[in-house]
Amino acid sequence: MARLDPDVLRFYMVTDQLLMRGQPLADVVSAAVRGGVSCVQLREKHLPGREFLAQALMLKRLLAPHHVPLIINDRIDIAMACGADGVHLGQNDLPVSDARKLLLPDIFIGWSVESIEDVRQSTGLPLDYLGVGPIFATATKTDTKTDWGLSGLARVRAATALPLVAIGGIHAGNAGDVLRAGADGLAVVSALCAADDPQAAASRFRSLCDEEINARRTWWRSR
Ligand code: TZP
Ligand code: MG
């Protein structure tokens with residue numbers, strides 16, 4: 001299994017069409033790609049499988065020329081059928097080890113962790129990254145356990161060597177703090193899907209991510 005380049009996770013868009021106020025998914029994702037998202041997760045909790053697959057195929061075609069990986073939320077069958085680059089699983093989805101047996105070896109797997117116990121369980125699982133959320137309370141997803149906060153994220157950072165993608169309530173004003181607490185990448189839903197100008201919003205976030213992560217690398221090299 002090839003190792004996932006953590007730069008792929010630097011600025012991670014998660015879709016929610018209900019927030020797009022009638023704008024086509026393809027338009028919002030294209031704008032976000034122009035602004036600099038490094039990967040896109042298609043998250044469709046309510047679509048029937050056939051429509052979910054049609055949207056996944058559409059996004060795969062849209063993203064491939066830009067070399068932006070497509071990640072499918074929850075559904076490994078859809079991921080396989082559309083040729084996705086990755087799958088994101090939650091605590092109630094198919095167990096990671098079973099998913100790994102079914103997926104092609106090149107498809108990477110991310111896993112949501114909601115408690116420090118989940119982080120402990122991730123050790124030894126065939127995972128490529130952890131999604132840590134919600135960092136802050138968010139109206140986008142309310143069926144969550146407690147919020148991690150920056151100190152919780154720092155505890156996760158200390159407990160695992162896996163790349164960490166932080167999600168939940170992240171906006172341009174707190175993005176730097178979240179990265180400094182130990183995230184390798186930021187995932188956002190509303191900050192892009194509900195933005196008046198998704199390209200400008202993405203571009204601002206991407207600059208923040210690049211600045212922080214490049215500064216971190218320079219610091220490590222200088223030690
Ligand atoms: N998982 C944890 S919080 C969240 C998900 C999918 C939603 C994050 O949405 P937003 O709008 O970026 O706060
Ligand atoms: Mg899930």
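First, the ground rules. The model is predicted, so local features need pLDDT of at least 70, side-chain atom pairs count only at pLDDT 80 or more, and totals for chains, interfaces and linings use all residues. Helices (H or I, at least four residues) and strands (E, at least two) are DSSP runs, numbered from the N terminus. Helix α9 covers residues 198–222, which is 25 residues. Its first and last C-alpha lie 36 Å apart, close to the 36 Å expected at 1.5 Å a residue. That expected span is 1.5 Å times one less than the number of residues.

Which residues of α9 are buried? Among them are Phe205, Cys209 and Ile213. Buried means under 20% relative accessible area, exposed over 50%, partly exposed in between (1.4 Å probe, protein chains only). The buried residues of α9 pack against elements including β1 (11–14) and α1 (25–35). Contact here means heavy atoms within 4.5 Å.

Next, salt bridges. A salt bridge is a side-chain nitrogen of Lys or Arg within 4 Å of a carboxyl oxygen of Asp or Glu. The count is 15.

Take Arg216 and Asp184: their side chains meet at 3.8 Å, N to O. Arg216 sits in α9 and Asp184 in the loop between α7 and β8, so the pair ties together parts 32 residues apart in sequence. Arg216 is partly exposed, at 22%.

Arg10 pairs with Asp7 at 3.2 Å. Arg10 is buried, at 5%; Asp7 is partly exposed, at 28%.

Terms used
Residues numbered from 1 in each chain as written. Chains lettered and ligands numbered in written order. Heavy atoms only, no water.
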